[in-house]
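Thanks, everyone. Let's look at the model together, then I'll walk through the strands.

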Amino acid sequence: QVRWVVAPLDGTVNYLYGIPACAVSIAAEVAGVAVVGVVAVPPLAATYWAVLGGGAYRDDVPVTASARTCSMRSRPSTPASVSPSLITLLPARISAR
């Protein structure tokens, strides 16, 4: 039996604030194990997907995990902790890529 897991709008707060970091996520589980997953990111016109034992892809290009082991430079943030100037600049920076 397949169990479908769907997040129709990952990044709801980002979406509400106009930050283009939101996605639609869908996965399929068989016997409690995720066997396929798809993440569509409309603001970036990208689709990420992976199949258990078959690798991961952005669109049709294989992707791999970073070898970086230290995440000391990263921290989670929410619109409450992001400066208004960053919220204003973020869409322009992403769309320019």
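**Strand pairing and a salt bridge**

Start in β3: there, the bridge partner of Ile 26 is Val 38. Strands here are DSSP runs (E, at least two residues), numbered from the N terminus. Two strands pair if DSSP finds at least two bridges between them.

A word on the source. This is a predicted model, where local features need pLDDT of at least 70, side-chain atom pairs count only at pLDDT 80 or more, and totals for chains, interfaces and linings use all residues. Residues are numbered from 1 along each chain as its sequence is written, and side-chain values use heavy atoms, with hydrogens and water left out.

Back to β3, residues 33–41. Seven bridges join β3 to β2, and the two run antiparallel. Six bridges join β3 to β4, residues 46–51, again antiparallel. Val 36 stands opposite Val 51 in β4. The β3–β4 hairpin has four residues between the strands, and Ala 45 takes a positive phi near 50°.

Next, β4 with β5, residues 55–58: antiparallel, four bridges. Tyr 48 has Arg 58 as its bridge partner in β5. This hairpin has three residues between its strands, and Gly 53 in the turn has a positive phi of about 80°.

Six strands form an open sheet, ordered β1-β2-β3-β4-β5-β6, with antiparallel pairing. β1 and β6 (61–63) are the edges, each pairing on one side only.

How many salt bridges does the structure hold? One, counting a side-chain nitrogen of Lys or Arg within 4 Å of a carboxyl oxygen of Asp or Glu. Arg 3 pairs with Glu 29, closest N and O atoms 2.9 Å apart. Arg 3 lies in β1 and Glu 29 in β2, so the pair ties together parts 26 residues apart in sequence.
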